[in-house]
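Student: Could you go through this structure with me, starting with the contacts between chains?

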Amino acid sequence: MLSAIIVLTLLATVFGLILGFAAIRFKVEGDPIVDQIDSLLPQTQCGQCTYPGCRPYAQAIANAEANINQCPPGGETTMLALADLLGVDPLPLGAEHQAEPEATVAFIIEDTCIGCTLCIQACPVDAILGAAKQMHTVIESECTGCELCIPPCPVDCIIMQPVKQETRNWKWPYPVQTLELRK
Amino acid sequence: MIRQLFRYKGGVKLSDHKQESSSQPIQKVTLPKRLILPLQQHIGAPASAIVSVGERVLKGQMIAKSDGHISAPVHASTSGRVVEITDFAIPHPSGLKAPCIVIESDGNDAWCDHRKPVDDCHHYTPEQIREHIRHAGVVGLGGAGFPSFLKLTVGSERVVETLILNGAECEPFISCDDRLMRERAEEIIKGLMVMQHALVAKACVIGVEENKPEAAAALRSAISALAVEVEVVEVPTLYPTGGEKQLIKILTNKEIPPKTLPIEKRVVVHNVGTAAAVYRAICLGEPLISRVITIAGAVKKPGNYEIPFGISAAQLLEQVGIEEESVERIIHGGPMMGFALNTLDVPLIKTSNCLLVTDPNTVPLRNKQLALACIRCGSCADVCPINLLPQQLYWHSRAKDFDKAQDYNLFDCIECGCCDYVCPSQIPLVQYFRFAKTSIWQAEQDKKQAELAKERHEFRQFRIEREKAEKKARHKAKAAKVAAKNVGADDKKKAIEEAMARVKAKKQQQEANVSASKTEPGDNT
Amino acid sequence: MQLNTPSSPHIHSGYQLSQLMQRVLLALLPAIVLYVLFFGWGIVVNILIAVVAALAFEALALLLRKRPLAPYLGDYSAVLTAVLLALALPPLAPWWLIVVATFFAIVFAKHLYGGLGYNPFNPAMIGYVVVLISFPREVTSWLPPEAVSGQVVSFIDALRASFTGILGNGIPPDTLSMATPLDHVKTQLTQNHAISEIITGNGIFGQLAGSGWEWINLAFMVGGIWLIYKKVIHWYIPVAMLGTLVLISGLFWLIDAERYASPLFHLLSGGAILGAFFIATDPVTASTTNRGRILYGIGIGLLVYIIRSWGGYPEGVAFAVLLMNMLAPTLDYYTQPRVFGRGR
């Protein structure tokens, strides 16, 4: 009885030491998880996840403070990618979130714009050009569609427009199978 | 010597339905009043317009120049006036609109005077020939529309052993190449000779499917009449032998790996129609402004028609005669790889080789929305000419597991449709593969976009931080000054006086210096 | 004009799933006819009960899963499963045995996994194994050929036996039943009898293998070869499986013909032929690459011989198929064919 306990304790100690040594000696400087999470996020910096930008949200997920289904622009794809990366179960998206959100860009109605620069200050990716008292313009290719420029605008001259469908960025639709639809 | 032929795995035997359209000679069409010329009629970057609205143009005049290396110019198909440059529906599976130049014909069909026919291409260097072909807007007329001059370019270290002309035309219903070979064999051979000169190719072979004996005979007699060395080879009738890589395999036993051009294996393939276009570009000095198109299926006068680019499908079908009520689908291209049009108001362009009008009697279509489950029977794998496993690709594409689909070489799929054709469950396999491919491209695009946004966001944060820091520094400096002021007003007064005195002294000194000598720097002490 | 714009290709060969299943059923027909000739009408009653039950369970499962009935019932897959299952069970088996087996095949092995095409295991074999384990006595009591027992089983007899457990003249089928040739050889071998001793003079053994069985199995083979000719199945699995079985049984037979039965006996006595051409080739659960199919067939052949010779059951086709089903996805992954232009 006693000898068994001693043997097991000894074994446990030895293995523990080996493991501890290995953990230090063969430490892998891996891609920190926050970076990996961040790279899956759409980088719209929209703050709809309640965090001030994509990286803070990634940090929050890594610290298990946030759920993986809080990113509306990423939709289902991002949620599933996060679930896959973190090895957790996929979570349902909120009812107000679309599975495949439509890509949009901001557009400034130039006749209405008074050149207040408030939107320029709000844009997280510097995608709005303009100066005080001068008309502003959105650089379409840089706009992430985060809508952060809309609330500050005092004259409501910013609208969201769907990204123009061109043959270049057109996607074949997923085949419709009537037999698999619920009756 | 009879050339040894090889076989690629898979393929399907299709009933060719070519008779109805191939029995008639190529016919001309009446020139329509209005021609719509898309800026992109080829693979690569769209051309950019060089005419403006209201401008008069002549037939053969360049109206849009190529933009970038992989691009092709567009020429006016007739003389007239540019009335609009705007977005119109173009022949594309998406049915989307794209920029087009609209020409209103003046009815004169007057040629521009830029034509410079070349009687013997051997007087020119391959580079000059290529530039000429590029300028003439010649693209592959087999269906893909790759700018031809690119496929006539050899790297300095490369040698072209075999130049193949593709006259296989394996899709059912299409017979435009067949008629072209029968009627304009000499043009094709002359064009081939120009291509051979441009490529310095050692041997020329024309592959023609066995179901077109008249075409092969016409080519042979043209070859003997011109006394040139070209081999015409009859290849077995099997779909998709007209695929570039499949034809190379059959004729040379070389397999071109995915994402590589045949030239890396010392082979170049051009369509027979392209050869005829090259002939016209070089020997007649005519740019590519028309082509032969097959109209087949449920039309009153099926056959082959020589059309000016920009004529709309509606205008052409009106001349050919269709019964609108019974029409189910209008397919641009063949029934295996073509796409259905959602409107007839699309212009026909350089890549339009066929319009197939279907009604339930002439072309029985399938209802692909009633697909049953995949039972993994493997019929698709048996017929896949690329030796893929479509059943696995389907499984993963359907589940949107694109990484797995790429493990099974999704991007090697040529979308020939053989798998779809034989699937007993009638699953729209090709559409799943297209969906997967375009989704992956889009995801890559989104990823790039996200990266860019991230970079910009990070830079913005850095900028804000920096501004904050600068502000802080300024505040600090100000605070220090205020603090200094508080320490003693006398000190400050004194300091100001001292400073003023210094400035005064300095000024005097400077004035003195300037008057004394302009070259000597001022002494500050 | 309203125009449809689905993806290419726009035409189809016209070959249908139901046609494929019908051809497999047709290929089973000659063997079923011989079965009736040798063993009476019991098998027909089995098939009828199984088919009715399978269609009923299929319809029920489809209703519960809210799928349309007509296209799925019309694909003949449930019918095929039912017929294969009926062929695996002894003639004159009680009706409830067949219904239970069909229930597990259709509902558990097929629909709970998502229906046709999604089942990892062969439904017919799952149904068979469930009743084999649960009701060993009923599943192993086989009728001897009519020529041996002298008992002619008419259709009415078979029907009555199935539902009441009593044959026409009042005898329960159990008293008639005998072990199958494979079972008999196995039990005798464990009692240290030599093969020659076991076979000679026993009516259940014919010229080549089990009496009656030999011809039925040859008929299965004819049907299977027709399926290969018709390109419904590929040759890889049957040839690999039967080849392996013949090779390995031949090897042991050459070593000691008195302790190991001959290859011919292994081939034609049990369910090896039926299994090779009709069960192992079930495309849903088999490997789907050509090299994978060969490995899959070899695996089944090996397992069949191992189970028959050293396992607890006289016949191993069902277990062998199910075990190899598990391996099929892995085989597929590692036996992808060389893609055109790649890796030369």
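**Chain C against chain B, and beyond**

Student: How many salt bridges are there between chain C and chain B?

Tutor: There are three salt bridges between chain C and chain B, a salt bridge being a side-chain nitrogen of Lys or Arg within 4 Å of a carboxyl oxygen of Asp or Glu. In one of them C:Asp332 pairs with B:Arg376, with the closest N and O atoms 2.8 Å apart. As for the ground rules, this is a predicted model in which local features need pLDDT of at least 70 and side-chain atom pairs count only at pLDDT 80 or more, whereas totals for chains, interfaces and linings use all residues. Residues are numbered from 1 along each chain as its sequence is written, chains are lettered from A and ligands numbered from 1 in the order in which they are written, and side-chain values use heavy atoms, with hydrogens and water left out.

Student: And what area is buried between chain C and chain B?

Tutor: About 4700 Å² is buried there, with carbon and sulfur atoms giving 56%; buried area is the accessible area (1.4 Å probe) that two parts lose on being put together, summed over both. In terms of contact (heavy atoms within 4.5 Å), 40 residues of chain C meet 64 residues of chain B.

Student: Switching topic, which parts of chain B does the pair B:Arg266 and B:Glu161 tie together?

Tutor: The side chains of B:Arg266 and B:Glu161 form a salt bridge at 3.1 Å, N to O. B:Arg266 is in the loop between helix 6 (244-252) and strand 12 (267-271) of chain B, and B:Glu161 is in the loop between helix 2 (126-135) and strand 9 (162-167), so the pair links parts 105 residues apart in sequence. Helices (H or I, at least four residues) and strands (E, at least two) are DSSP runs, numbered from the N terminus.

Student: Are B:Lys212 and B:Glu209 buried or exposed?

Tutor: B:Lys212 is buried at a relative accessible area of 0%, and B:Glu209 is buried at 1%, where buried means under 20% relative accessible area, exposed over 50% and partly exposed in between (1.4 Å probe, protein chains only). Their side chains meet in a salt bridge of 3.9 Å, N to O.

Student: What about helix 16 of chain C, how many of its residues are buried?

Tutor: Eight of the eight residues of helix 16 (residues 272-279) of chain C are buried, so this helix is largely enclosed by the rest of the structure. Among them are C:Phe277 and C:Phe278.
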